[in-house]
Amino acid sequence: MKLRMFAVAAMAALALGAAAPGYAAPKGVADPNVSSLVKGDPVALGFDPAKLKVAEDGLKADVAAGKLAGAYLLIGRHGKVAFQEGFGVQGPGQTAVPNDKTIFRVFSMTKPIVTVTAMTLVEEGKLDLDAPVSKYLPEYANLVVWQNDGTTKPTTRPMLVRNLMSHTSGLIYGFIQPTSPLAKAWDAGGENRDDVKLRDYARIVAKLPLRTEPGTAWYYGRSIDILGAVVEVASGKTLDVAVKERVTGPLGMTDTGFWQPASQKARFAEPLAASNLPGIGNPYYDYAKKPVLFSGGGGISSTAEDYLRFALMLQNNGEYKGVRILKPESVAKMREDQTTPAIRQAGLFFPGPGMGFGLGGSVVIDDKVARPGNGTYSWWGIAGTEFWVDPKNDLFMVFMIQNRERAMEYQRKNRAWIYDALVKP
């Protein structure tokens, strides 16, 4: 019997080895020191310089009025930069003007990076978008849903990997509705812990009741944090290593990571003041401290120059400077709306009118309502950073600030400034 069991185990191991060969990271860019910013003529790229100056004057005025310490805005088309400028200073008490090498906490702009990392695993056959999350994290096999009377009921449908990527998992962020009974239950159950490793954090979250049945409503929450744990299991690497090996390293994003060398402190952007979130406290974490928990939902810091590499890779259907991170079909999947009117209406869908949500980021589904062109893929961070890639107009932008209170304000302003200035679509 023991011999038979050994033989079965050996055959299984051989089969697994044949199905999942060792990962070969894509060859990186030839020289990471060559900037991703290629300057172009704004007029030739279809922009009216006078209207671009409206954005410049607006940000200068906001800095002068004390609305924010500083900002950096980068706009381009056809792979070339039409506008790039820093405003104000990197932070209180500093004199350096923000530039393409200033390091910002990008918070939820971590989510598209982690999603792309997961999509590389999908391409290898190590991760299945339509598999139950419990295939990778067994504790997600027996989930429960919160009821209005404070009780819970077992889910009737499994949470899928696709649900994590599209925020249709039923997981939440407690700070969005902090006074709700569910948010209080999540806080008491350990949602806001950051003193455990990611795989253990996923076990904590699995014990918390879902807001809705998976696949039925859009609620922003811990989905990509749990996706990060799935990435760890599927790749056999910690999330920081998987992200670096599969995405940021090959792209030459040398200033992007879950923590930064203390020697780079002079490049760190800081907010005007601390800003507390319910249950979380001050979200502006210490860049130079290596975290215990690698947050796939918001733990990365980066520069505009680095993040532009990532944006241009998506704009070019998965390739940047000859380095292919994803197949075009995978990028197309990320741009497919995973929601329906019923899903958006059932939840707290805040991307807005004309928008849907793909894998890891929002997508424009009706550009008669939303300013960017149909298919535009974008996301933002709670401190106000934002990026988008607009395939219809072949346009991209990266915006960097550290000001949570004005995040939504600049989303509106940037869309108006940029698309008003685009006179030759």
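Reader: Which residue of β12 does W380 stand opposite?

Author: W380 stands opposite E386 in β12, in a predicted model where local features need pLDDT of at least 70, side-chain atom pairs count only at pLDDT 80 or more, and totals for chains, interfaces and linings use all residues. Residues are numbered from 1 along each chain as its sequence is written, and side-chain values use heavy atoms, with hydrogens and water left out.

Reader: Why are β2 and β9 called edge strands?

Author: The open sheet has 7 strands in the order β2-β1-β13-β12-β11-β10-β9, with antiparallel pairing; β2 (80-88) and β9 (355-357) each pair on one side only.

Reader: What makes α7 mostly covered?

Author: Buried means under 20% relative accessible area, against over 50% for exposed and partly exposed in between, with a 1.4 Å probe and protein chains only; 12 of the 13 residues of α7 are buried, including I224, L227 and V231. Their cover, judged by contact (heavy atoms within 4.5 Å), includes α3 (110-124), α4 (161-166), α6 (198-206) and α8 (239-251).

Reader: How do you know that the span of α7 is close to the expected one?

Author: The expected span is 1.5 Å times one less than the number of residues, and α7 (residues 223-235), with 13 residues, reaches 18 Å from its first C-alpha to its last, close to the expected 18 Å.

Definitions and conventions:
Helix = DSSP H or I, 4+ residues; strand = E, 2+ residues; numbered from the N terminus. Pairing = 2+ DSSP bridges.
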